[in-house]
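Please open the model in a viewer and keep the selection tool at hand. The stops below proceed from one selection to the next.

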Amino acid sequence: MIAMKYLSLALVLLGFLYACSPIPEADGHEIYKTYCVSCHGAKGNMGGNGAFDLSASALGLEERVRVIHTGRNTMTSFKALLSPEQIRAVAEYTLELKQNQ
């Protein structure tokens with residue numbers, strides 16, 4: 001009986017610690033590797049499945065956020081998979097692909 005009380009207390013404390021832990025920032029590069037690299041490629045210029053060349057794209061940050069959020073042509077919308085913060089992070093990362101060319 002005492003063991004159950006200690007176990008319950010430990011679980012409550014773990015839940016409290018988890019709830020109070022800082023929220024990690026969205027990592028645009030990791031999100032890109034997970035969701036985008038299969039069509040756009042590691043450098044953004046693969047063009048798989050009709051994907052646009054991100055290394056040559058003239059779209060600004062807000063336009064990229066909109067495309068990721070709503071989709072475009074053959075690209076699906078990611079609004080159901082990614083939070084607004086994650087969408088912005090991956091859009092910012094795609095700007096780095098243009099700069100690295």
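Helices in this tour are DSSP runs of H or I with at least four residues, numbered from the N terminus. With that convention, select Gly71: this residue follows helix α4 and has a positive phi, near 85°.

**Confidence**

Colour the chain by pLDDT next, since this is a predicted model. The average over the protein is 86, and 76% of the residues score at least 70. Which elements mark the lowest and the highest mean pLDDT? Helix α1 (residues 2-20) has the lowest, 62, and helix α4 (residues 61-70) has the highest, 98.

**Helix α2**

Select residues 28-35, which form helix α2. At the start of this helix, a side-chain oxygen of Asp27 comes to within 3.1 Å of the backbone nitrogen of His29. Now look along the axis: the buried residues of α2 are Gly28, Ile31 and Tyr32. These residues lie on the same side of α2, because the arc they cover around the axis is only 100°.

**Two aromatic pairs**

Display the aromatic side chains; the structure contains two aromatic pairs. For the first stop, select Tyr32 and Tyr93, whose ring centres are 5.3 Å apart and whose planes meet at 50°, so this pair is tilted. Tyr32 belongs to helix α2 and Tyr93 to helix α5 (residues 84-99), so that the pair links distant parts of the chain, 61 residues apart. Tyr32 counts as buried at 1% relative accessibility, and Tyr93 is buried as well, with a relative accessible area of 13%.

Next, select Tyr35 and Phe78. Their ring centres are 5.9 Å apart and their planes stand at 75°, which makes the pair edge-to-face because planes over 60 degrees apart are classed that way. This pair, too, links distant parts of the chain: Tyr35 lies in helix α2 and Phe78 in the loop between α4 and α5, 43 residues apart.

In soluble globular proteins, nonpolar side chains tend to be buried together.

**Helix α4 and beyond**

Move to α4 and select Arg64, Val65, Val67 and Ile68, which are buried. They cover an arc of only 165° around the axis, which places them on the same side of α4.

Glu62 is partly exposed, with a relative accessible area of 44%.

For the last stop, select Arg72 and Phe52. The charged end of Arg72 sits over the ring of Phe52, at 5.6 Å from the ring centre.

Technical notes:
Residues numbered from 1 in each chain as written. Predicted model: local features only at pLDDT ≥ 70, side-chain atom pairs only at ≥ 80, totals over all residues. Heavy atoms only, no water. Buried < 20%, exposed > 50% of the residue type's maximum accessible area, 1.4 Å probe, protein only. Helix = DSSP H or I, 4+ residues; strand = E, 2+ residues; numbered from the N terminus. Arc of directions from axis to C-beta. Polar contact = N/O pair within 3.5 Å; in protein donor to acceptor, adjacent residues only side chain to side chain. pLDDT = per-residue confidence, 0-100. Phe/Tyr/Trp six-rings, centres within 6.5 Å; stacked < 30°, edge-to-face > 60°. Lys NZ or Arg CZ within 6 Å of the ring centre and 35° of its normal.
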